[in-house]
Amino acid sequence: PAVVVETSALDVAQQVEDSRAVDPHVWLDPVLAMGQVGRVLAAFEAVDSEHAAAYRTRASDLLGDLEALDVAFASGLRSCGRGTFVTTHAAYGHLAGRYGLEQLAIAGLTPEAQPSARELADLTEQVTAMGLGYVLVEPSLSARLAQTVAAESGLELLPIHQLESATAEELAEHGDYLGLMRANLASLSVALECAA
């Protein structure tokens, strides 16, 4: 039988809330992703107790990988010249919050939430005033708005992966969640002018 596991609403206190929406992109924060692993493990053990030991072993391995990823992000983003990054949509709030960063998003929590012309102009002014050098663009989404902001602000485009719609090309290049997240760290390190 199919089993559905709720892994997005780990804890209301951990979610970024405002008057409009709750950020569902918890998997982009390695620590919150660890909570997802625990929920999936518990569900697998409940429906297939015969193989519980194997599930626990795999979960333990994945938790070790996620802990190492968290350490890599924490150390890689510790000494940066900037604390703010610009991205195509507001999928990176949990990640930003975890490592003491600020995300400026061109679009809202969903890529379909397009900004008004005034909002786009305000963002362009803000980015220019801050002297930011990059816009982080999701390869699987249209880069039209990011290209507009980049052109008007003199920014370069860098890839970032939100993982909910990874393309075959992204997976071929980076392998899996861990590889895509390491690529995100590399792009953030450049955008935030982090010490090597």
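**Close-up views of the sheet and its helices**

**View A. Strands S1 and S3 of the predicted model.** Strand S1 (residues 84–89) and strand S3 (residues 134–137) run parallel and are joined by two bridges. Threonine 87 has leucine 136 in S3 as its bridge partner.

**View B. The open sheet of four strands.** The strand order is S2-S1-S3-S4, and the pairing is parallel. Strand S2 (102–107) and strand S4 (156–159) form the edges, each pairing on one side only. From one strand to the next, the twist averages 35 degrees.

**View C. Helices H4 and H7 on the sheet.** Helix H4 (residues 117–130) packs on the sheet, where it touches S1 and S2. The direction of H4 makes about 145 degrees with that of S2. H7 also packs on the sheet, and its contacts are with S1, S3 and S4. Between the direction of H7 and that of S3 the angle is about 165 degrees.

**View D. Packing of helix H2 with helix H7.** The axes of helix H2 (residues 52–76) and helix H7 (residues 177–191) lie 10 Å apart, at an angle of about 5 degrees. Angles under 35 degrees count as roughly parallel, and H2 and H7 are therefore roughly parallel to each other.

**View E. Residues in the contact of H2 with H7.** H2 contributes Asp65, Leu66, Leu69, Ala72, Phe73 and Gly76. These meet Tyr177, Leu178, Met181, Arg182, Asn184, Leu185, Leu188 and Ser189 in H7. By class, the residues of this contact comprise nine nonpolar, three polar and two charged.

Conventions. Residues numbered from 1 in each chain as written. Predicted model: local features only at pLDDT ≥ 70, side-chain atom pairs only at ≥ 80, totals over all residues. Heavy atoms only, no water. Axes fitted to C-alpha atoms, helices over the stretch in contact; angles between N-to-C directions. Parallel < 35°, antiparallel > 145°, perpendicular 65-115°, else oblique. Contact = heavy atoms within 4.5 Å. Nonpolar A, V, L, I, M, F, W, Y, C, P; charged D, E, K, R; others polar. Pairing = 2+ DSSP bridges.
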